[in-house]
Amino acid sequence: MKDKIVIDVRGLPNSKVGLNSRMFYKAKNKVFQKEKETFSELLIMEGHRQDPLWEKVSLEFTFNSADQIRRDVDNCQANTKPWIDALRGIVIPDDYWRHVPKISSEYNAEDVEESFTRVVIRKLK
């Protein structure tokens with residue numbers, strides 16, 4: 001069995017779900033749920049349907065931007081919350097610190113034609 005899952009998501013995380021979003025709560029929740037469903041579908045398309053696959057994981061996010069817009073990496077990471085929630089029940093039993101003790105982020109704005117986010121999920125012992 002593999003000890004790592006790599007998912008490439010088109011674009012960067014949706015800023016409408018972040019803490020700095022100015023959206024009304026109900027509208028923000030709709031966007032949040034849609035992002036969560038989309039990431040769940042990506043996991044299932046990759047063949048990850050076990051319940052749950054691992055007990056403990058680390059997450060690595062690499063935000064690859066095709067433009068030179070200035071973004072804070074901490075805000076990009078905060079916008080991945082729906083994706084982390086989508087891991088529950090598919091990859092891990094829950095998304096609190098005992099199951100996800102390590103999350104890291106990196107921002108890359110060089111030599112990509114289309115923005116995408118690479119998510120690496122590693123099994124921890």
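Ring pairs join Phe39, Phe61, Phe63 and Trp83 into a cluster; rings of Phe, Tyr and Trp (its six-membered ring) pair if their centres lie within 6.5 Å, with planes under 30 degrees apart counted as stacked, over 60 as edge-to-face and the rest as tilted. The model is predicted, so local features need pLDDT of at least 70 and side-chain atom pairs count only at pLDDT 80 or more, whereas totals for chains, interfaces and linings use all residues. Residues are numbered from 1 along each chain as its sequence is written, and side-chain values use heavy atoms, without hydrogens and water.

The structure holds three aromatic pairs. In one of them, the ring centres of Phe39 and Trp83 are 5.5 Å apart and the planes meet at 15°, so this pair is stacked. Because Phe39 belongs to helix H1 and Trp83 to helix H3 (residues 81–86), the pair ties together parts that are 44 residues apart in sequence. Helices (H or I, at least four residues) and strands (E, at least two) are DSSP runs, numbered from the N terminus. The rings of Phe61 and Trp83 have centres 6.5 Å apart and planes at 40°, so that pair is tilted.

Phe61 lies in strand S2 (residues 57–64), which belongs to an open sheet of four strands in the order S1-S4-S2-S3, with mixed pairing. Two strands pair if DSSP finds at least two bridges between them. Strands S1 (4–10) and S3 (102–108) each have a single partner strand, so one side of each is left without a neighbour in the sheet.
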